[in-house]
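Me: I've got a new model open and I'd like to learn how to read its pockets and ring contacts. Can you walk me through it?

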Amino acid sequence: SSIRLIPWGVDTGLFTPEGPVAERNGRARLLTTTDLTERTPLETLMRALTRVPGAELLVVGGPAEAELAEDDNYVKAAKIAAALGVADRVIFTGQVDYTAMPSLLRSADLVLSTCQYEPSGTSSLQAMACGTPVIAPPVGGHMDAVVDGTTGIIVQPDRPALLAQRIRQLLAHPMLIEAYGVAAADRVRSRYSWDRIAGETIAVYDRV
């Protein structure tokens, strides 16, 4: 009774469904954000990609693109992609400026996470605010943000075959992706705007 949980928020003025969309190349686009230090979650995604023919995976994060070749974590991740035969479909963007993220998120069909620890769910909230459905594990902030079967899909983080199955199911039904995206954007606007989060925080201070 002495604990009050307030979720992380999103800049719903910047992360919106409307706005510029990053260029695409005709492939189904999956996107994940990572600092490249956690190789197991990234390997899970790449193993899932082997079962989703024709799709590409954008890996956003890590050092600047010009510095990737010298980064040990990138080199190891790239070797895994090559060993799995998906190197031509895994695109490492390097670090992306905060203001450039919305257009990149809007360009994705799905945003994926296989992390085993995510206290705030920031990447999922940003994607949902842009109208992009999320497939994420039942951990941390994802459990509050992602409504399974409404704004996205909840999948255990270490199940690449099941993850691939869920991805294929959604990509085969564009109308369902669109419906999830609309519901995701509505949920973020109503629940996770910084105005609401600030109001809830002030209310706690007032109470104590």
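**Pockets, a helix and some rings**

Reply: Start with the largest pocket: 25 residues line it, and Thr33, Thr34, Asp35, Val60 and Ser123 lie nearest its centre. Two or more lining residues come from each of β1 (28-33), α1 (39-49) and α4 (122-129). Keep in mind that this is a predicted model, where local features need pLDDT of at least 70, side-chain atom pairs count only at pLDDT 80 or more, and totals for chains, interfaces and linings use all residues. Residues are numbered from 1 along each chain as its sequence is written, and side-chain values use heavy atoms, with hydrogens and water left out.

Me: What counts as a pocket, and what as a cavity?

Reply: Both come from a 1 Å grid over the protein atoms alone: a cavity is a set of points where a 1.4 Å probe fits but cannot get out, a pocket is an open set with protein on both sides within 12 Å along at least five of seven lines, and lining residues have an atom within 4 Å of a point. Volume is the space filled by probe spheres set on the points, which are joined across faces, edges and corners. The largest cavity comes to about 40 Å³, and its lining includes Thr44, Ile135 and Arg159.

Me: Which element gives the most to the lining of the second largest pocket?

Reply: Elements are DSSP runs numbered from the N terminus: helices are H or I with at least four residues, strands E with at least two. In this pocket α7 gives the most, 5 residues; α3 (101-107) also supplies at least two.

Me: Which residues of α1 are buried?

Reply: Buried means under 20% relative accessible area, exposed over 50%, and partly exposed in between (1.4 Å probe, protein chains only). In α1 the buried ones are Pro41, Leu42, Thr44, Leu45, Met46, Ala48 and Leu49.

Me: How many aromatic pairs are there?

Reply: Rings of Phe, Tyr and Trp (its six-membered ring) pair if their centres lie within 6.5 Å; planes under 30 degrees apart are stacked, over 60 edge-to-face, the rest tilted. The structure has 3 such pairs. One is Trp8 with Trp194, edge-to-face at 5.2 Å centre to centre and 80° between planes. That pair links the segment before β1 to helix α8, 186 residues apart. Trp8 is partly exposed at 46%, and Trp194 is partly exposed at 36%. Another edge-to-face pair joins Tyr74 and Phe92, 5.0 Å centre to centre with 90° between planes.
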